[in-house]
Amino acid sequence: VAFVLTTVAATYLLYLGATYALQDAMIFPVPGGVGVDQLDSAAREVGAETFHVTAEDGVRLYGWHRDAGQGRAVLYFHGNGETVAGNVGLQRVLHQAGWDFVAIAYRGYPGSEGSPDEEGLARDGRALWAYATETLGLSPDRIVLHGRSLGGGVATRLATETNPRGMVLESTFYSLVEMARGRTYFLPVDTLLRHRFESFRYAPRAGVPVLQVHSRDDGLIPVDHARRLHQRFAEAEYVEVDQFTHGHALPVTSPEVNQAYLAFLERMVPRG
């Protein structure tokens with residue numbers, strides 16, 4: 001019995017150590033095999049301009065800007081397994097509606113230097129905001145943040161530090177700690193997790209109108225996350241649909257979300 005207990009304890013400790021050591025790779029599964037040349041080529045195909053911006057800690061980041069000529073922009077924060085070129089469908093929707101699309105690749109992601117972590121992504125968000133307001137000269141009241149999945153955590157935190165006109169959260173979580181706890185209930189995730197992305201703590205201080213969209217059939221981030229996060233905002237609209245997975249870009253694939261999304265953007269910053 002003692003041998004069995006010792007073996008089980010040793011196995012558990014090894015599992016704890018491996019989980020702690022590998023959490024960066026699990027939280028930030030950076031797409032491999034994507035070079036800057038490929039990203040530049042994709043940008044040319046859709047008519048986007050590429051740019052570089054330096055975060056406050058000196059990390060050089062790669063980005064896209066697709067100009068619609070209306071002086072209003074959506075700053076887009078992508079999911080954890082995506083590239084800056086991964087949402088061409090959304091860019092098309094925004095461009096046709098008269099919205100600039102401005103996005104960066106997080107540190108460590110294709111095109112950008114460094115390696116990702118929670119604080120680093122917060123710096124990346126600030127760098128994109130500075131680029132939009134200072135380099136592009138966009139007025140804060142003509143900017144809407146859009147965070148998808150992990151990007152929702154980045155956008156929600158940025159909203160507490162800046163003054164955009166509004167924010168869209170797509171298929172995002174209440175907190176990464178809650179996500180991990182739901183999947184690995186037998187591990188002390190509160191102690192293990194270095195990157196917490198506790199959006200619920202930032203939500204009450206966001207201070208902007210919010211649109212949340214989520215699918216009941218999202219198998220990665222349960223819809224309960226969106227419902228609970230919704231209660232934390234002072235001012236938020238909420239659209240819930242079904243028959244779409246986490247991999248679907250809801251403003252592109254769901255007619256109901258597309259309508260709500262474009263209507264929200266137009267209320268935030270009317271065309272003209």
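Trainee: Why is Glu 237 called partly exposed?

Mentor: Glu 237 has a relative accessible area of 32%. Buried means under 20%, exposed over 50%, and partly exposed in between (1.4 Å probe, protein chains only). The 32% of Glu 237 falls in between, so Glu 237 is partly exposed. This is a predicted model, where local features need pLDDT of at least 70 and side-chain atom pairs pLDDT 80 or more, while totals for chains, interfaces and linings use all residues. Residues are numbered from 1 along each chain as its sequence is written, and side-chain values use heavy atoms, without hydrogens and water.

Trainee: What makes Glu 237 and Arg 267 a salt bridge?

Mentor: Their side chains meet at 2.5 Å, N to O. A salt bridge needs a side-chain nitrogen of Lys or Arg within 4 Å of a carboxyl oxygen of Asp or Glu. The pair therefore qualifies.

Trainee: Why is this pair said to tie parts of the chain together?

Mentor: Because Glu 237 sits in strand 8 (residues 236–241) and Arg 267 in helix 11 (residues 255–268), 30 residues apart in sequence. Helices (H or I, at least four residues) and strands (E, at least two) are DSSP runs numbered from the N terminus.

Trainee: Which residues form a network of salt bridges?

Mentor: Shared partners join Glu 56, Asp 57, Arg 107, Glu 119, Arg 123, Asp 124, Arg 126, Arg 157 and Glu 161.

Trainee: How do you know that Arg 157 and Glu 161 are bridged?

Mentor: Their closest N and O atoms are 3.8 Å apart. That is within 4 Å, so the pair counts. Both lie in helix 5 (residues 150–161), four residues apart, or about one helical turn.

Trainee: What about Asp 124 and Arg 107?

Mentor: Their side chains form a salt bridge at 2.8 Å, N to O. The partners are 17 residues apart: Asp 124 in helix 4, Arg 107 in the loop between strand 4 (100–104) and helix 4. Both are buried.

Trainee: How many salt bridges does the structure hold?

Mentor: It holds 19.

Trainee: What makes a set of residues a nonpolar core?

Mentor: Its members are buried Ala, Val, Leu, Ile, Met, Phe, Trp, Tyr and Cys, joined through side-chain atoms within 4.5 Å. The largest core here has 74 residues. Leu 75, Phe 77, Leu 145 and Met 167 have the most contacts inside it. Helix 4 (residues 118–135) gives the largest share, six residues.
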